[in-house]
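Here are a few friendly notes to read with the model open beside you. Take the points one at a time and find each spot as you go.

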Amino acid sequence: MKYLYLFSIVFLFGACKSTQIWNASQVPVYSKFDSYSPKLVLENDSIHVINFWATWCKPCVAELPYFEESLSSLQKEKIKFTYVSLDFEKNLRSKVIPFLNTSKIKADVVLLSDGKYNDWIDKVDPSWSGSIPATLITLGEKNIFFEGSFHSEQEIIDLIHKIKI
Amino acid sequence: MKKTLLSLFILTSGILLSFTFPHKGYHVGDKAADFSLKNIDGSMVSMEDYKDANGFILVFTCNTCPWAVMYEDRLVELHKTYADQGYPLIAINPNNPEIKPGDSFEAMQVRAKEKGFQFPYVFDEKQTVYPEYGATKTPHVYLLDKDRIVQYIGAIDDSPRDASKVENAYVAKAIEALKTGRKPDPSSTKAIGCSIKA
């Protein structure tokens, strides 16, 4: 019986460790795009995959599992994934965090609450009309922008590979 | 030779990348085509029906996008202010209800009644009008003058989330400019919206 307790504790601990439990302090909130923009490009030849999404955006939520799969497949490369939520800040605890937990999201997540969209959308990419989902991939001075949905892990990986050419 | 091939490859991939997503639709200065779309009351609506119009506020919008919903009351206000001045508003739902059941024709009728829309709320059922205009999201505004020349494309104002914090009422200002024979400035703006469901 004692061993069973011990086993249960070890098992529970292990289960907790394998899945991150999200809380609000793990999602930095940026009220100004210009405060976040320096983080779009990483140092040390690392690729940064930035996905703009929101919990209310169905096609965004539908494609996030493909990003998570790509993240797992590419984890040995110098690459980072960040999901930039455009949800309202007041919905961080009520909607964003519960979503991250139920979806077991592993990538980094930030919340960008800058509502002066016209001032910053062009800074992400001049071709962006403002619809989400939208994805920006950066590597040093190079970047690729895609407005629209991905329908498989492979589509994302293919686009990531293009930036290395 | 290897180097030449490599640079050729880089050049070609660059060209391929830049041409994968060509910019379609109208720009400011283009003449917009008329349409004939079914309104929630069952009648067909075209711009040519409005003989005395000085222009049109065309808004691609829908029932389900939170960003579009936030603007419903402001659309009502815009129409109330500018229809009498010759700039009626026409709302166009471009979404495919098979993907978004909440954007069905019946749902449009319900929503318009709830919100007291005094303007036509028409359905781009064949999804041919929004690609011709180049609309990509809801809400997405095209302001036309009396010759149906596109004079402004973009957002309704600069504060989607809070109507009380609007600093620049883009569409209203653009109409004021047209009324006095000036060009809207800015003539295009951007905002976050929901991608149109095709």
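This is a predicted model: local features need pLDDT of at least 70, side-chain atom pairs count only at pLDDT 80 or more; totals for chains, interfaces and linings use all residues.

Against which elements do the buried residues of H6(B) pack?

1. The buried residues of H6(B) pack against helix H5 (117–124) of chain A. On chain B, they pack against strand E3 (55–60), helix H3 (72–82), E7 and strand E8 (150–154).

2. Now look at helix H6 (residues 170–179) of chain B itself. Because 7 of its 10 residues are buried, the helix is largely enclosed by the rest of the structure. You can find the buried ones by name: Tyr170(B), Val171(B), Ala172(B), Ala174(B), Ile175(B), Ala177(B) and Leu178(B). Just after H6(B) comes Gly181(B), with a positive phi of about 75 degrees.

3. Next, move to the sheet in chain A. It is open and has 6 strands with mixed pairing, in the order E1-E4-E3-E2-E6-E7. Strand E1 (29–30) and strand E7 (142–147) of chain A form its edges, each pairing on one side only. Strands of a sheet pair through backbone hydrogen bonds, either parallel or antiparallel. For strand E6 (residues 134–139) of chain A and E7(A), the sense is antiparallel, over 6 bridges. If you want one bridge to look for, Ile137(A) has Ile144(A) in E7(A) as its partner. Helix H3 (residues 58–73) of chain A packs on this sheet, where it touches strand E2 (47–53), strand E3 (79–85) and E6 of chain A. The direction of this helix makes about 165 degrees with that of E2(A).

4. Some backbone details deserve a second look. Most residues other than glycine have a negative phi, and most peptide bonds are trans. In chain A, the bond from Ile132(A) to Pro133(A) is cis, with omega near 10 degrees, and Pro133(A) sits in the loop between strand E5 (131–132) and E6 of chain A. In chain B, the bond from Thr138(B) to Pro139(B) is cis, with omega near -10 degrees; Pro139(B) belongs to the loop between strand E6 (137–138) and strand E7 (140–145) of chain B.

5. Asp45(A), with a phi of about 55 degrees, lies in the loop between helix H2 (33–36) and E2 of chain A. Is Asp45(A) buried or exposed? Its relative accessibility is 63%, so Asp45(A) counts as exposed. Gln127(B) has a phi near 55 degrees and lies in the loop between strand E5 (121–123) and helix H5 (129–133) of chain B. With a relative accessible area of 18%, Gln127(B) is buried.

Methods: Residues are numbered from 1 along each chain as its sequence is written. Chains are lettered from A and ligands numbered from 1 in the order in which they are written. Side-chain values use heavy atoms; hydrogens and water are left out. Two strands pair if DSSP finds at least two bridges between them. Helices (H or I, at least four residues) and strands (E, at least two) are DSSP runs, numbered from the N terminus. Contact means heavy atoms within 4.5 Å. Axes are lines fitted to C-alpha atoms, for helices over the stretch in contact, and angles run from 0 to 180 degrees between N-to-C directions. Buried means under 20% relative accessible area, exposed over 50%, partly exposed in between (1.4 Å probe, protein chains only).
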